[in-house]
Amino acid sequence: MKAVILLSGGLDSSTILYQALADGCVCYSISFDYQQRHRKELHCSAALAKRAGVAQHKVVNFDLRQWGGSALTDNSIEIPVLRSLDEMAQNIPVTYVPARNTIFLSFALAYAETLAAQRVYIGVNALDYSGYPDCRPDYIQAMQEVFRLGTKLGREGQPITIVTPLINLKKTEIIQLGNQLGVPWELTWSCYTGDEIACGVCDACRLRLAAFAELGQVDPVAYKRRN
């Protein structure tokens, strides 16, 4: 069975890559250079793809800075730092990139159809404090219908399936799953800043560090600040 894996180089996407391998899939990974602030994730995704031995790793290039609208694509918008988990849960944050997963899934769908792949894996998580609208079950259900209606394979009764192994897992449960699957956490990257060393204070870093700490584990990635 062939599968396309949306691979950002982060904790979640690396876990779904290794889950797809465990599911017996021949994996084709796809990453996106959309001129995001945290472009170091692209180096991590390439390293992860190589370590995992994927059949092919693609990087799609486009520039979402053209209209910005997110702290990840517009340097004039500050990345939130030192927020509590309660603060993160209150509103959709400025790190939300408008329609990002719709864009990503569209590319992945096109890639999957050319490969005659049966699955597309995406590491969305509805329990994450970020609360992004394009990481929720109703969104995935709607996109699954797009996959069915918008492709030749779908109209012929063989729609490509969107697989979301992490959608109802807590961050600690994702790390536990990754531990079982042998994910090399040292190759992953979650920080939103563009620095070479993770900041430790943005929402992504704090969520990640809190989960490792709750499990009594040390995150192997280097941080400027760990508390």
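Author: Buried means under 20% relative accessible area and exposed over 50%, with partly exposed in between (1.4 Å probe, protein chains only). What you're looking at is a predicted model, where local features need pLDDT of at least 70 and side-chain atom pairs count only at pLDDT 80 or more, while totals for chains, interfaces and linings use all residues. Numbering runs from 1 along each chain as its sequence is written, and side-chain values use heavy atoms, leaving out hydrogens and water.

Reader: OK, what relative accessible area does Ala-116 have?

Author: Find Ala-116 in the loop between helix H4 (100-115) and strand S4 (119-121). Those labels are DSSP runs numbered from the N terminus: helices are H or I with at least four residues, strands are E with at least two. Ala-116 counts as partly exposed because its relative accessible area is 47%.

Reader: And what's the phi of Ala-116?

Author: Ala-116 is a residue other than glycine, yet its phi is positive. The value is near 60°.

Reader: Where does Gln-35 sit, given its positive phi?

Author: Gln-35 isn't a glycine either, and its phi is about 65°. Gln-35 is partly exposed because its relative accessibility is 26%. Its place is the loop between strand S2 (26-33) and H2.

Reader: Moving into H2, how far apart are the C-alpha atoms of Ala-46 and Lys-58?

Author: Ala-46 belongs to helix H2 (residues 40-52), and it is partly exposed because its relative accessibility is 36%. Along the chain, Ala-46 and Lys-58 are 12 residues apart. Their C-alpha atoms are separated by 8.9 Å.

Reader: Let's talk charges. How many salt bridges does the structure hold?

Author: The criterion is a side-chain nitrogen of Lys or Arg within 4 Å of a carboxyl oxygen of Asp or Glu. One of the pairs is Asp-63 with Arg-65, at 3.0 Å from N to O. The number of salt bridges in the structure is 11.

Reader: Which residue forms a salt bridge with Arg-83?

Author: The closest N and O atoms of this bridge are 2.6 Å apart, and the partner of Arg-83 is Asp-203. This pair links distant parts of the chain, 120 residues apart: Arg-83 is in the loop between strand S3 (56-61) and helix H3 (85-88), and its partner is in helix H8 (residues 203-214). Arg-83 is buried because its relative accessibility is 18%.

Reader: How many residues apart are Asp-195 and Lys-224?

Author: Asp-195 is partly exposed because its relative accessible area is 33%, whereas Lys-224 is exposed because its value is 53%. Their side chains meet in a salt bridge, 2.6 Å from N to O. The pair links distant parts of the chain, with Asp-195 in the loop between helix H7 (171-181) and H8 and Lys-224 in the segment after H8, and the separation is 29 residues.

Reader: Now the helix packing. At roughly what angle do the axes of H1 and H7 cross?

Author: Two packed helices are described by the angle between their axes and the distance between the axes. Here the axes are lines fitted to C-alpha atoms, for helices over the stretch in contact, and angles run from 0 to 180 degrees between N-to-C directions. The axes of helix H1 (residues 11-22) and H7 come within 9 Å, and they cross at roughly 45°.

Reader: Why is H1 oblique to H7, and what hand does the crossing have?

Author: Under 35 degrees would be roughly parallel, over 145 roughly antiparallel, and 65 to 115 roughly perpendicular, with the rest oblique. For hand, the near helix is turned from the far one by less than a right angle, anticlockwise for left-handed and clockwise for right-handed. H1 and H7 cross at roughly 45°, which makes H1 oblique to H7. The crossing of H1 past H7 is left-handed.

Reader: Which helices are included in what covers the buried residues of H7?

Author: The buried residues in H7 are Lys-171, Thr-172, Ile-174, Ile-175, Leu-177 and Gly-178. Gly-182 follows H7, with a positive phi near 80°. The cover over the buried residues of H7 includes H1 and H8.

Conventions. Contact means heavy atoms within 4.5 Å.
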